[in-house]
Amino acid sequence: MAQPLDPDALRPLFPALARDAAFLDGPGGSQAPEVVIEAIAGHLRNGTANDGGVFATSRDTIALIEEARRSCAELTGSAPEEIAFGANMTTLNFQLAHAVARASEPGDEIVVTDLDHDANVAPWLRVAEDHGLVVKHAPLRAAGATLDVDALAGLLNDRTRVVAFTLASNAVGSITDARRIAGLAHDAGALAWADAVHYAPHRRPDRAALGVDVLLCSPYKFFGPHLGIAAIRRDLAETWSADRVRPASEYPPAHRFETGTPSFEAMAGTVAAIEDLRGLGDGDLDAAYERIRAHEETLTRAVLDRLPAIDGVTLYGIPEPERVADRTPTFCFTVAGSTPDAVAEALAAEGVYVWSGNYYALALMESLGLEEHGGAVRAGFLHYNTMAEVDRLVAAVEQVAALEPGRAAEPPRDEAPA
Ligand SMILES: Cc1ncc(COP(=O)(O)O)c(C=O)c1O
């Protein structure tokens, strides 16, 4: 049995956590440990160069790219040739969606979900418009803000080309049944296309184990730098048409979807972030994620016990403490009498960093009827968060909830002074 993860032992390794603040903004981006910061600086300090030259620094860059592909391949249960780097997940997804569309016929169908971040919806809407494809939207179940997979199954047919879905919601934390969805997609002859951006700091984004064809994630959500990663099934990466400059190499296959000079320093930081994660499992990534998961489940139970019990607080997302396995420690809520922005401001004044708004989970906020009310507040925990930070969140929300109705409120966004 692995030792429980001790966040107090981890925290000194993350310089930013020395600030007197509860960083509950993890779903928007995590903090980085010193080893990641040092790897980024180290690449620049030692002498960076573009790849393809015959001199030492360029050879170092080539070695770094290969190491980054290997490392991301291991994390994502893929082969190094299947890994493409990009500016971020959104940019990669737009590019890949174009590639799929070019290989489709007018009238072909794409299924997206109302649980997804718009980065896995808007690219499909865009290419559908350009190429005459049909986009179908899988709804949420009424309770608990989870995906209605039975309804999704009903949308599939022999025209379906892609089922684009999130592995976990960046707004309410619900985890989807990826294996089931991938199986349904494959039975219909479609590709299973997974957004692992929110999932990756909490569960291993293992493409092979989840059975998906394309998986995308972003290291800045799992303690690394700003970068996008796509793991693309090799035969697809080899055959799809890509937007690329003519002299660029065709190998490795996923490289065909990389345009221009990438951030080598971000690749160095990503290698360090994955290495650091692996260290939590004594060299084993699955063991590392098991420790993360156990710690996060403890935090989740505590939040679910206490946050919805505060008078005036409504929690969106799976509320049952016994269903911790079905969610990440990301909590979406509103406080009666206060706008989400006002709650976030009041919490920020107490040193509790949370988000307000829709966090680009647009369809979900619309489904929950929250979009026209400024969305909701989101507090997201990561492996470095502590039980003391649960206390700090709860105390700060109690304070806001105890205010006279409207005291923490501000004018709705569109009426706010410029
Ligand atoms: C679930 C999810 N998908 C996609 C994205 C977009 O990722 P990126 O910022 O790398 O484009 C985000 C960013 O918040 C996200 O949370």
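First, the term: an angle under 35 degrees counts as roughly parallel, over 145 as roughly antiparallel, 65 to 115 as roughly perpendicular, and anything else as oblique. What you see is a predicted model, where local features need pLDDT of at least 70, side-chain atom pairs count only at pLDDT 80 or more, and totals for chains, interfaces and linings use all residues. Residue numbers start from 1 along each chain as its sequence is written.

Now the domains. The domain assignment, which is automatic or from a database, gives domain 1 as 7-31 + 284-402 and domain 2 as 37-278. Their centres, taken over C-alpha atoms, are separated by 26 Å. Between them, 32 residues of domain 1 are in contact with 34 residues of domain 2, contact meaning that C-beta atoms, placed from the backbone, lie within 7 Å. On the domain 1 side, the elements giving two or more residues are helix 11 (285-306), strand 10 (330-335) and helix 13 (362-367). Helices here are DSSP runs of H or I with at least four residues, strands are runs of E with at least two, and both are numbered from the N terminus. Helix 11 gives the most to that side, with seven residues.

Helix 11 also packs against helix 14 (residues 387-402), at an angle of about 20 degrees and with the axes 10 Å apart. The axes are lines fitted to C-alpha atoms, for helices over the stretch in contact, and angles run from 0 to 180 degrees between N-to-C directions. Helix 11 and helix 14 are therefore roughly parallel to each other. Leu299, Ala302, Val303 and Arg306 of helix 11 meet Met387, Val390 and Val394 of helix 14. By class, that contact has six nonpolar, no polar and one charged residues. Nonpolar here covers Ala, Val, Leu, Ile, Met, Phe, Trp, Tyr, Cys and Pro; charged covers Asp, Glu, Lys and Arg; the others, Gly among them, are polar.

How is the second pair, helix 2 and helix 10, packed? Helix 2 (residues 34-46) and helix 10 (residues 264-280) pack at about 150 degrees, with axes 8 Å apart. That makes helix 2 roughly antiparallel to helix 10. On helix 2 the contact residues include Val35, Ala39 and His43, and on helix 10 they include Phe264, Ala268 and Asp276. This contact has 10 nonpolar, three polar and two charged residues.

Definitions and conventions: Two residues are in contact if their C-beta atoms, placed from the backbone, lie within 7 Å.
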